[in-house]
Amino acid sequence: MTEPSTSPSARKVYLETYGCQMNIADSQTVRAVLRRAGYDATADPAEADVILLNTCAIREHAEERVIGRLSDLARLKQARPEVQLGLLGCMAQHNRAALIERAPWLDLIAGPDAYRRLPELLGRGGFEPTVDVRLDRGETYGDIAPEYEKSVRAYVTAMRGCDRFCSFCVVPYVRGRERSVPPADILREVRTLAAAGVREIVLLGQTVNAYRFDRTDFAALLRMVAAVEGVERIRFTSPHPCDMSERLIAAMAEEPRIQPYLHLPVQSGSNRVLAAMERGYTREQYLDLVERLRAAIPEIALSTDIIVGFHGEEEQDFAATLELMRTVAYDAAFTFKYSRREHTRAFRLGDSVSEAEKGRRLAEVIKLQEEMGLARNRALIGREFPVLIEGPARRGEAMLAGKTPQFKTAVFPGRAGATPGATVTVRVESASSHSLSGVIA
Ligand code: SAH
Ligand code: SF4
Ligand code: F3S
């Protein structure tokens with residue numbers, strides 16, 4: 001948990017995070033490492049001695065945003081040259097040479113496996129930027145308790161890296177080989193969180209269900225976490241379709257604390273494109289998995305990731321993606337235009353779909369998902385769900401918000417005793433494509 005500032009003279013760190021949940025979790029580890037070394041956190045870059053951006057390299061757009069932000073922050077260095085400016089994370093790992101050229105004012109470039117050494121790296125100083133982008137297949141940070149934000153939900157890293165090498169994706173290059181955190185470290189973390197009032201644990205990894213440590217596979221790990229006193233809800237993200245074992249489906253079906261929700265990235269509905277993406281499954285295998293999941297866990301909600309405009313994606317391939325979306329009827333979908341990334345296997349293939357056409361296809365998948373999400377949510381009107389309260393709803397007016405077991409946001413008027421961390425039964429009265437509204441039943 002975040003502790004208040006202790007020493008007025010301590011060096012202050014400002015840390016900004018981009019990218020996925022893994023990066024958010026890593027930032028919590030970075031905070032813990034720096035606090036141990038005597039740094040204090042600050043929310044104001046203007047008063048920071050060290051400014052760090054933990055970055056994402058998944059799409060070009062993500063990188064452009066960071067470069068823009070970096071040049072803004074570099075201005076603070078003009079007024080106070082002693083300020084250290086550092087870039088952490090996947091982008092640091094991905095393209096350090098180009099970075100030094102585009103952002104010459106950087107003092108530090110540190111990849112995802114270098115965080116343990118941050119205090120030492122920051123201590124070095126000097127004219128040239130300090131660079132540490134060694135990937136370390138043994139680094140899990142399992143022994144470092146991250147500095148969690150206060151929340152009813154905590155994201156706990158179960159495994160790092162990725163060995164799948166989908167042809168479009170930089171993650172295996174920037175995060176290195178797959179490695180699992182020892183179960184004892186995960187369980188210690190979960191017990192501490194539960195004792196501090198956290199009600200929901202989300203286990204994290206790029207292919208989290210590929211988890212394996214000695215004889216413990218992911219299904220076994222989930223059951224161990226589910227047995228920790230005080231944990232009400234367990235989720236995990238992101239599973240890879242190829243690693244959805246029968247043991248895992250059985251654990252989800254049998255263990256009531258494992259919530260009926262799965263983010264199951266499909267990427268494309270076309271077998272030709274799936275093969276070019278090297279995803280390791282066909283459309284038919286994916287649909288069969290969806291059927292088995294729904295047979296075992298009838299109330300399960302499914303979300304997905306979709307890339308449009310991958311190199312070589314023809315009109316009929318795109319039509320196959322739309323058709324798959326209709327067949328599965330996802331509760332939510334995260335949709336992206338293909339971004340050609342250096343170092344990946346697909347890089348040399350090219351980028352055959354024009355930007356305008358990618359835009360058209362993206363708009364179409366978004367529109368279809370909005371319609372289908374709305375229909376699925378409307379079908380829930382009149383039903384009641386246990387909702388774990390997270391806090392005030394964004395829309396205000398004394399409204400509260402929380403999640404249903406299916407990870408749908410529910411918004412409802414508060415009442416006495418309905419405080420964050422409590423679970424209440426909410427009756428759904430209306431629905432939009434992204435959320436449910438109702439009343440405490
Ligand atoms: N490990 C997860 C995905 C991690 S990246 C998995 O395999 O499911 C999150 C999402 O970003 C991916 O699912 C994919 O849809 C998208 N993505 C990854 N690389 C991309 C690229 N080069 N262009 C566009 N989208 C990409
Ligand atoms: Fe990237 Fe594929 Fe690994 Fe996911 S499974 S992180 S998409 S390489
Ligand atoms: Fe981005 Fe790295 Fe996550 S590339 S999506 S922050 S693993």
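Let's start with one pair. K408 forms a salt bridge with D331. Their closest N and O atoms are 2.8 Å apart. Keep in mind that this is a predicted model.

Now, the layout. The domain assignment gives four stretches: domain 1 covers 12–132, domain 2 covers 148–259, domain 3 covers 263–379 and domain 4 covers 384–440. Today is about domain 3 and domain 4.

How far apart are the centres of domain 3 and domain 4? Over C-alpha atoms, the separation is 30 Å. Eight residues from domain 3 take part in the contact, and eight from domain 4.

Next, area. Domain 3 and domain 4 bury about 700 Å² between them. Of that, 43% lies on carbon and sulfur atoms.

On to the polar side. How many salt bridges cross this interface? The rule finds one. For polar contacts, the count between domain 3 and domain 4 is seven residue pairs, both partners at pLDDT 80 or more.

Which helix gives the largest share of the domain 3 side? Helix 13, residues 355–378, supplies five residues there. And the make-up of that side of domain 3?

To recap: about 700 Å² buried between the two domains, one salt bridge across the interface, and helix 13 with the largest share of the domain 3 side.

Key: Residues numbered from 1 in each chain as written. Chains lettered and ligands numbered in written order. Predicted model: local features only at pLDDT ≥ 70, side-chain atom pairs only at ≥ 80, totals over all residues. Heavy atoms only, no water. Domains from an automatic or database assignment. Contact = heavy atoms within 4.5 Å. Buried area = accessible area lost by both parts, 1.4 Å probe. Salt bridge = Lys/Arg side-chain N within 4 Å of Asp/Glu carboxyl O. Polar contact = N/O pair within 3.5 Å; in protein donor to acceptor, adjacent residues only side chain to side chain. Helix = DSSP H or I, 4+ residues; strand = E, 2+ residues; numbered from the N terminus.
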